[in-house]
Amino acid sequence: MKKIDYAVLLSLGALWGGSFLFMRMGAGAFGALPLAGLRAIGAALCFLPLLASRTRLAEWRAHWRPIAVVGLTNSALPFVLFTFATRSLPAGLASIIDGMTPMFAALIGWLWLGQRLDAWRSAGLAIGFAGVVWLAEGSLALGPGAGMALLACVAATVLYGYAVHYTHLRLAGVTPLVVTVGSHMVAALLLLPTTLLAWPAQVPPLQAWLAAAGLAVLCTALAYVLFFWVLARVGAVRIMVIPYLIPAFGVLWGALLLGEPVSTRMLGGCAVILLGTALTTGLVRGRRTTPPLAAGEA
């Protein structure tokens, strides 16, 4: 790996970790549905020129049904769930839960596809879930809506884990860029009606609009372009470092830019979840045992 590869991997962790910062900044003014819709619509508009070729359009037409499923499970629903959660949870805490995506991918692979779970992977799942329970207990002090917000984060992460396997099963031969662009276009179409119906009566402030633009352009469109570029250079094994960078940057941005407190429980829960994820994916033994997270994002 060259220096530029390390720089791009760090940038992706910073961008996807920053998505929780932007959701936290904009969710209160826009609401969960409009902000999620603006993110999907803005990203789709940025992606649209990338689909403007006969070959890519032909792939889209041939595989639009499974691509639509990916759009629902990997973009539309997780966008709404995470945006809803950040109205009540600190950005750092929400990003920590997002770090569980590889764990849920392993669990779903076992339940759905019969993939083997050895003792180390099983221990990793148990440790990771223990970290979530620990964080959940502490989040109750954040207010009455914190429990539902935490469940929303977990549900979004489960959807990411499902989308990983569904993409590999149904779209393995399709160009990843076509899947990404097509799925975000589907997400934009799905969220457009709810975005209009739930539009806030009061005009959101400039800060909220900047947060929405950051989500769409930086954390979605730009991040995916960088992702596929560095994936082609370093491979799927090294790209697995990104899920471990997202919580670190999520907590960092929340603390530096929003003044969120970083408690011992949060840091401990983050460490426990990342340890569980490392065991589940085989990272601590120097090998990867789950599919690459090409379908998942923050």
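Is Thr-195 buried or exposed? With a relative accessibility of 3%, Thr-195 counts as buried, because buried means under 20%. Keep in mind as you explore that this is a predicted model.

**Around Thr-195**

Thr-195 sits in helix α9, which covers residues 176–197. A polar atom of its side chain lies 2.6 Å from the backbone oxygen of Leu-191. If you set aside its neighbours within four places in sequence, Thr-195 is in contact with Leu-33, Pro-34, Gly-37 and Leu-38.

Now look for Asp-5, which belongs to helix α1 (residues 3–30). Asp-5 is buried too, with a relative accessible area of 3%. One polar atom of the Asp-5 side chain lies 2.9 Å from the backbone nitrogen of Lys-2. Not counting residues up to four places away in sequence, Asp-5 touches Trp-229, Val-230, Arg-233 and Val-234.

**The largest nonpolar core**

In soluble globular proteins, nonpolar side chains tend to be buried together. Here, the largest nonpolar core has 79 residues, and Leu-12 and Ile-242 have the most contacts inside it. Helix α10 (residues 206–239) supplies the largest share of this core, with 13 residues. What does Leu-12 touch, not counting residues up to four places away in sequence? The list is Gly-17, Ala-223, Leu-226, Phe-227, Val-230 and Ile-242.

**Two helices side by side**

Next, find helix α11 (residues 242–258) and helix α12 (residues 264–281), which pack at an angle of about 170° with their axes 10 Å apart. Angles over 145 degrees count as roughly antiparallel, so α11 and α12 are described that way. From α11, the contact is made by Tyr-244, Pro-247 and Val-251, while α12 brings Met-266, Cys-270, Leu-274, Thr-277, Ala-278 and Thr-281. Sorted by class, this contact has seven nonpolar, two polar and no charged residues.

How many of the eight residues of helix α5 (residues 91–98) are buried? Eight of the eight are, so this helix is largely enclosed by the rest of the structure.

Ala-156 is found in helix α8 (residues 146–170), and it is buried with a relative accessible area of 0%. Leaving aside neighbours within four places in sequence, Ala-156 is in contact with Pro-78, Leu-81 and Phe-82.

Ile-108 has its place in helix α6 (residues 101–113) and counts as buried at 13% relative accessibility. Its contacts, again leaving aside neighbours within four places in sequence, are Leu-113, Val-158, Gly-161, Tyr-162 and His-165.

| Pair | Separation along the chain | C-alpha to C-alpha distance |
|---|---|---|
| Ala-156 and Gly-114 | 42 residues | 22 Å |
| Ile-108 and Pro-247 | 139 residues | 22 Å |

Pro-247 in the table is also one of the α11 residues that make the contact with α12.

Methods: Residues are numbered from 1 along each chain as its sequence is written. This is a predicted model: local features need pLDDT of at least 70, side-chain atom pairs count only at pLDDT 80 or more; totals for chains, interfaces and linings use all residues. Side-chain values use heavy atoms; hydrogens and water are left out. A nonpolar core is a set of buried Ala, Val, Leu, Ile, Met, Phe, Trp, Tyr and Cys residues joined through side-chain atoms within 4.5 Å. Buried means under 20% relative accessible area, exposed over 50%, partly exposed in between (1.4 Å probe, protein chains only). Helices (H or I, at least four residues) and strands (E, at least two) are DSSP runs, numbered from the N terminus. Contact means heavy atoms within 4.5 Å. Axes are lines fitted to C-alpha atoms, for helices over the stretch in contact, and angles run from 0 to 180 degrees between N-to-C directions. Angles under 35 degrees count as roughly parallel, over 145 as roughly antiparallel, 65 to 115 as roughly perpendicular and the rest as oblique. Ala, Val, Leu, Ile, Met, Phe, Trp, Tyr, Cys and Pro count as nonpolar, Asp, Glu, Lys and Arg as charged, and the others, Gly among them, as polar. A polar contact is a pair of N or O atoms within 3.5 Å; within protein, one must be able to donate a hydrogen and the other to accept it, and residues adjacent in sequence count only if both atoms are side-chain atoms.
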